Amino acid sequence: MSQRTSLAGLDDYTADGAESFDVLENLVSSLPITKSEQQQIITQLHNAKRYLKIGFSLNLSLQSNVSSHCVDFALSDSNPKSDFYINCNHHHNNDCENCENLVATLTQITELIRTSSNPKKDEWEYDCTASINKIYEWQKHLVRHFVQSKSKNDILNNLKPDAAFWLRDWSMKILPMEYREKASSWFGKRGMSQEVDVFWTPSGKTTSDGQQILQKYVYVTMLDQSSQDMHAVGAVADQVL
Ligand SMILES: [Zn+2]
Ligand SMILES: [Zn+2]
């Protein structure tokens, strides 16, 4: 049975990262190792992919004693004199089995190709390096996304009574889409565009535990044949405001 999960509109990092696991799986199936060795690595790849999809983000924390989960550590400048340096006031003395599986599996595949004498070695190396880079870009994207979501929640939790938080983005285009289409193959396509503008403002009411209740206003603007450029973005903003 085919999986009909719609991935349309996925950001490029997620789509490229997920696709790269498939490329590596194909590569492993061609490697001159035994079938059971191939199967073992493919299982590791499946576990790593599933972990990046659903587990890794949940493990992230501004401060963690697992280095790969410590967001401050990940985003800090390595130069202690930099303004963007964050000093972790804890030790990174715990390990994460899943993060280790990811790194170990990617290293294992790289090594198997490096030591191979197959005529296709150069081609394999190229695909392998490109795929691994995309997988790590996906992981970095998840770290940045964690911080952005946190910032958004902090802003929403501290909105002044006369302020509003405005979030805007293009939503799906109304046209038939390829299965697993990603954002870059989608921008600039002709079709009906839909922009969504969301405003959050304090409603003046609070919950029983003192949290302010926000009012949400959603505006949907449909544009016929828009290339989603800055003129279109400006025009929609003008209309919404
Ligand atoms: Zn840390
Ligand atoms: Zn982990």
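**Aromatic pairs, a zinc site and selected contacts**

Trp138 is buried, with a relative accessible area of 2%. Buried means under 20% relative accessible area, exposed means over 50%, and partly exposed covers the range in between (1.4 Å probe, protein chains only). The model is predicted: local features need pLDDT of at least 70, side-chain atom pairs count only at pLDDT 80 or more, and totals for chains, interfaces and linings use all residues. Residues are numbered from 1 along each chain as its sequence is written, chains are lettered from A and ligands numbered from 1 in the order in which they are written, and side-chain values use heavy atoms, with hydrogens and water left out.

The protein chain holds 6 helices and 3 strands. These are DSSP runs numbered from the N terminus (helices: H or I, at least four residues; strands: E, at least two). Along the sequence their order is α-α-α-α-α-β-β-β-α. The protein chain has 241 residues, and 32% of them are buried. Contacts between residues at least 6 apart in sequence were also examined; 64% of these join residues at least 24 apart. Here contact means heavy atoms within 4.5 Å.

Aromatic rings come next. Rings of Phe, Tyr and Trp (its six-membered ring) pair if their centres lie within 6.5 Å; planes under 30 degrees apart count as stacked, over 60 as edge-to-face and the rest as tilted. The count comes to 5 aromatic pairs. One of them joins Phe21 and Trp138. This pair is edge-to-face, at 6.3 Å centre to centre and 75° between the planes. Phe21 belongs to helix α1 (residues 12-30) and Trp138 to helix α5 (residues 121-157), so the pair ties together parts that are 117 residues apart in sequence. Phe21 is buried, at 2% relative accessible area.

Tyr51 and Phe56 form another pair, with ring centres 5.9 Å apart and planes at 70°, so this pair is edge-to-face. Tyr51 is buried, with a relative accessible area of 7%. Phe56 is buried too, at 1%. Elsewhere, ring pairs link Trp166, Phe199 and Tyr219 into a cluster.

A charge also sits over a ring. Arg144 lies over the face of Tyr13, 5.2 Å from the ring centre. The criterion is NZ of Lys or CZ of Arg within 6 Å of the ring centre and within 35 degrees of the ring normal.

Lys49 is found in helix α2. Its relative accessible area is 15%, so Lys49 counts as buried. Beyond residues up to four places away in sequence, Lys49 touches Ala18, Phe21, Asp22 and Trp138. The side chains of Lys49 and Asp22 are joined by a polar contact of 3.1 Å. A polar contact is a pair of N or O atoms within 3.5 Å; within protein, one must be able to donate a hydrogen and the other to accept it, and residues adjacent in sequence count only if both atoms are side-chain atoms.

The zinc ion (ligand 1) has four protein donors: Cys70 (SG), Cys88 (SG), His90 (NE2) and His92 (NE2). They lie 2.1 to 2.3 Å from the ion. Donors are N, O and S atoms within 2.8 Å of the metal (3.2 Å for Na, K and Ca); water is not among the atoms, so sites may look incomplete. The site is tetrahedral, with angles of 103 to 117° among its 4 donor atoms. Four donors count as tetrahedral if all angles lie between 85 and 135 degrees. The ideal angle for four tetrahedral donors is 109.5 degrees.

The donor residues follow the spacing C-x17-C-x1-H-x1-H in sequence. Cys70 and His90 link distant parts of the chain, 20 residues apart. Cys70 is in the loop between α2 (35-59) and α3 (71-75), and His90 in the loop between α3 and α4 (97-114). Cys70 is buried, at 1% relative accessible area. His90 is partly exposed, at 23%.

Gln212 is found in strand β3 (residues 212-223). Gln212 is partly exposed, with a relative accessible area of 27%. A polar atom of the Gln212 side chain lies 2.9 Å from the backbone oxygen of Leu159. Gln212 and Pro202 are 10 residues apart in sequence and 6.7 Å apart in space, C-alpha to C-alpha.

Thr221 is also placed in strand β3. Thr221 counts as buried, at 12% relative accessibility. Residues up to four places away in sequence aside, Thr221 touches Ser193, Gln194, Glu195, Val236, Gln239 and Val240.

Methods: Tetrahedral: all angles 85-135°; square planar, octahedral: opposite > 155°, others 65-115°.
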